[in-house]
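Here's a quick walk through the fold, from the sheet to the core to the charged pairs. Have the viewer open while you read.

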Amino acid sequence: MMTGTGFTTGESELILGHPIRRKLAIFLILFGAFSLAVIISSISQFLSEGLRTKEILAVAIAVLLVFVVLRMSRMQRLLSTLFNRQMKQNVELVDLPVRDVFLSSKKEAVLNLPIYKESSLHNRTIHDVIPGHQGMDFVVLFIQRGGMKLRKDIYGVVLHEGDQLLLFGDKKVLWSAFEHDWRVLEEKRKDEEM
């Protein structure tokens with residue numbers, strides 16, 4: 001389809017990562033492609049049957065009237081109010097990207113921490129490794145173990161190699177609390193790159 005649209009990966013994440021922007025982009029792309037096909041077929045039909053000035057003039061006047069009505073400030077305010085109300089009512093939390101739900105400031109992070117044999121958490125619990133975790137500014141959202149997600153008594157679960165912790169909280173607190181494990185992760189990534 002020749003829609004005349006194009007955007008980079010970063011722009012596509014911004015557009016497609018938000019439910020309202022995603023619906024608008026789909027509508028515009030589809031409407032643009034269909035309207036182009038309709039315009040081309042209409043022009044070819046007019047040319048094949050001969051030039052009908054009355055029909056062309058009627059269509060041109062109708063398009064001009066719609067354009068003038070839509071450009072009126074009263075109509076723009078009305079449409080703006082209607083669309084804003086519709087957008088506010090139809091956004092559900094599950095449709096929003098993680099960064100919009102969790103990350104309200106640059107100090108916060110959602111991180112995935114894999115557990116290796118060398119990790120300080122291997123064969124231990126978070127209670128054992130970080131005794132004062134209750135007062136710290138982070139939470140463990142769940143533990144991914146194979147195809148299962150563990151959510152009950154997360155801080156008392158003995159962690160095994162291959163487990164993954166999904167963490168949310170202050171970046172500095174996460175780094176200081178799991179510093180050894182982050183270093184192990186960085187070493188593993190360097191080894192994989194070589």
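What follows covers the sheet, the helix across it, the nonpolar core and the salt bridges. Keep in mind that this is a predicted model.

Four of them make up an open sheet, and its order is 1-4-2-3 with antiparallel pairing. Strand 1 and strand 3 (148–150) sit at the edges, so to speak, each pairing on one side only. From one strand to the next, the twist averages 20°.

Now go through the pairs. Strand 1 and strand 4 run antiparallel and are joined by seven bridges. If you want a landmark there, look at Pro114, which stands opposite Gln164 in strand 4. On to strand 2 and strand 4: six bridges join these two, again antiparallel. Here Val140 has Leu167 of strand 4 as its bridge partner.

That leaves strand 2 and strand 3, which pair in the antiparallel sense over three bridges. Arg145 stands opposite Met148 in strand 3. These two strands form a hairpin with two residues between them, and Gly146 in the turn has a positive phi of about 65°.

**The helix across the sheet and the core**

Which strands does helix 8 lie across? They are strand 1 and strand 4, and the helix runs at about 65° to strand 1.

The largest nonpolar core has 23 residues, and Leu165 and Phe178 are the ones with the most contacts inside it. The elements giving two or more residues to this core are strand 1 (108–114), strand 2 (138–145), strand 4 (164–170), helix 7 (171–177) and helix 8 (179–193).

Setting aside its neighbours within four places in sequence, Phe178 is in contact with Leu113, Leu121, Ile130, Phe138, Leu165 and Leu167.

**The salt bridges**

How many salt bridges does a search of the whole structure find? The answer is three, and here they are:

| Pair | Closest N and O atoms |
|---|---|
| Lys188 and Glu118 | 3.3 Å |
| Asp163 and Arg145 | 2.7 Å |
| Glu179 and Arg183 | 2.6 Å |

Take the Lys188 salt bridge with Glu118. This pair links distant parts of the chain, 70 residues apart: Lys188 is in helix 8, while Glu118 is in the loop between strand 1 and helix 6 (126–129). Lys188 counts as partly exposed because its relative accessibility is 26%. Glu118, at 44% relative accessibility, is also classed as partly exposed.

Next comes Asp163 with its partner Arg145. Asp163 lies in the loop between strand 3 and strand 4 and Arg145 in strand 2, so this pair ties together parts that are 18 residues apart in sequence. Is Asp163 buried or exposed? With a relative accessibility of 2%, Asp163 counts as buried. Arg145 is partly exposed, at a relative accessible area of 24%.

The remaining salt bridge joins Glu179 to Arg183. Both residues lie in helix 8, four residues apart, which is about one turn of the helix. Glu179 is partly exposed, with 31% relative accessible area, and Arg183 counts as partly exposed at 39% relative accessibility.

How values were computed. Residues numbered from 1 in each chain as written. Predicted model: local features only at pLDDT ≥ 70, side-chain atom pairs only at ≥ 80, totals over all residues. Heavy atoms only, no water. Core = buried A, V, L, I, M, F, W, Y, C linked by side-chain atoms within 4.5 Å. Buried < 20%, exposed > 50% of the residue type's maximum accessible area, 1.4 Å probe, protein only. Contact = heavy atoms within 4.5 Å. Pairing = 2+ DSSP bridges. Axes fitted to C-alpha atoms, helices over the stretch in contact; angles between N-to-C directions. Salt bridge = Lys/Arg side-chain N within 4 Å of Asp/Glu carboxyl O.
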